[in-house]
Amino acid sequence: MSGPTYLAYDYPLLSVFWSMLVFFLWIMWFVLLFRIVVDIFRDDAMSGWAKAGWLVFVILLPFVGVFVYVIARGKNMGRREAAQARAQQDAFASYVRETAKSGDGDGRPSSADELAKLSEIRGRGDITDDEFRRAKELVLSGHGPSERTGSTATSASGS
């Protein structure tokens, strides 16, 4: 072959596989390294000096530091992450409850309150799914069941 050589001839399929595997492992290494650094800062039980020590150990001797950290403290990494996720979910739920509770400020119940009441009424079996759907559409359009006279939802809630 006197012409130009092509990469496909010089780079066989097995070499492509090994290159992709090495690249994947390299990316996974950085993901693990960053998760450990985040976990070091997330742990409130550790003192500042302990955090600094682990951070220096993980940065100066990355392979040994990461493996020792995973062996020594890896069991609680998932627990700390789950606790943080739970705390974030609780904070979000609290924010949503407070926002929904405030309503629109004119003394009328908010749409969220009315939808919750409708859901409760449907759960008791006082209204059918079709009636619930129609009442929900009215609430979401701004003409809630409390504004209608003789609505199915308000008459069902009174019974």
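## Basis of the description

A residue is called buried when its relative accessible area is under 20% and exposed when this area is over 50%, with partly exposed residues in between (1.4 Å probe, protein chains only). The structure is a predicted model, in which local features need pLDDT of at least 70 and side-chain atom pairs count only at pLDDT 80 or more, while totals for chains, interfaces and linings use all residues. Residues are numbered from 1 along each chain as its sequence is written, and side-chain values use heavy atoms, with hydrogens and water left out.

## Overall architecture

The protein has eight helices and zero strands, the elements being DSSP runs numbered from the N terminus (helices: H or I, at least four residues; strands: E, at least two). Of its 159 residues, 19% are buried. Among contacts (heavy atoms within 4.5 Å) with a separation of 6 or more, 45% join residues 24 or more positions apart.

## The largest nonpolar core

A nonpolar core is a set of buried Ala, Val, Leu, Ile, Met, Phe, Trp, Tyr and Cys residues joined through side-chain atoms within 4.5 Å. The largest one in this model comprises 11 residues: Trp-29, Leu-33, Ile-36, Ile-40, Met-46, Trp-54, Leu-55, Val-58, Val-66, Tyr-69 and Met-77. Two or more residues are given to this core by each of α2 (13-42), α3 (48-60) and α4 (62-73). Helix α2 supplies the largest share, four residues. In soluble globular proteins, nonpolar side chains tend to be buried together.

Ile-40 is one of the core residues. Neighbours within four places in sequence aside, Ile-40 is in contact with Met-46, Lys-51, Trp-54, Leu-55, Val-58 and Tyr-69.

Helix axes are lines fitted to C-alpha atoms over the stretch in contact, and angles run from 0 to 180 degrees between N-to-C directions. Angles under 35 degrees count as roughly parallel, over 145 as roughly antiparallel, 65 to 115 as roughly perpendicular and the rest as oblique. The axes of α2 and α3 cross at roughly 170° and come within 9 Å, which makes α2 roughly antiparallel to α3. On the α2 side, the contact involves Leu-33, Ile-36, Val-37, Ile-40 and Phe-41; α3 contributes Lys-51, Trp-54, Leu-55 and Val-58.

Between α3 and α4, the axes come within 5 Å and cross at roughly 135°, so α3 is oblique to α4. Trp-54, Phe-57, Val-58, Ile-59 and Leu-60 of α3 meet α4 residues that include Pro-62, Val-66, Tyr-69 and Arg-73. Within α4, the buried residues are Gly-65, Val-66, Tyr-69 and Arg-73. They cover an arc of only 95° around the axis, which puts them on the same side of α4; the arc is that of the directions from the helix axis to the C-beta atoms. Phe-63 and Ile-71 are exposed on the other side of α4.

Asp-43 lies in the loop between α2 and α3. With a relative accessible area of 6%, Asp-43 is buried. Residues up to four places away in sequence not counted, Asp-43 touches Lys-51, Arg-73 and Arg-80.

Helix α6 (residues 111-124) has 14 residues, which at 1.5 Å a residue should span 20 Å; its end C-alpha atoms are 20 Å apart, in agreement. The expected span is 1.5 Å times one less than the number of residues. Glu-114, Leu-118 and Ile-121 are buried in α6. Seen down the axis of α6, its buried residues fall within an arc of 60°, so they line one face of the helix. The face turned away from this buried side carries the exposed residues Glu-120 and Gly-123. Gly-125, with a positive phi near 90°, follows α6.

In α7, the buried residues are Phe-132, Ala-135 and Val-139. They fall within an arc of 70° seen down the axis of α7, and therefore line one face of the helix. Just after α7, Gly-142 has a positive phi of about 100°. The two helices, α6 and α7, pack at an angle of about 175° with their axes 10 Å apart, which makes α6 roughly antiparallel to α7. Residues that meet across this pair include Glu-114, Leu-118 and Arg-122 in α6 and Phe-132, Ala-135 and Val-139 in α7.
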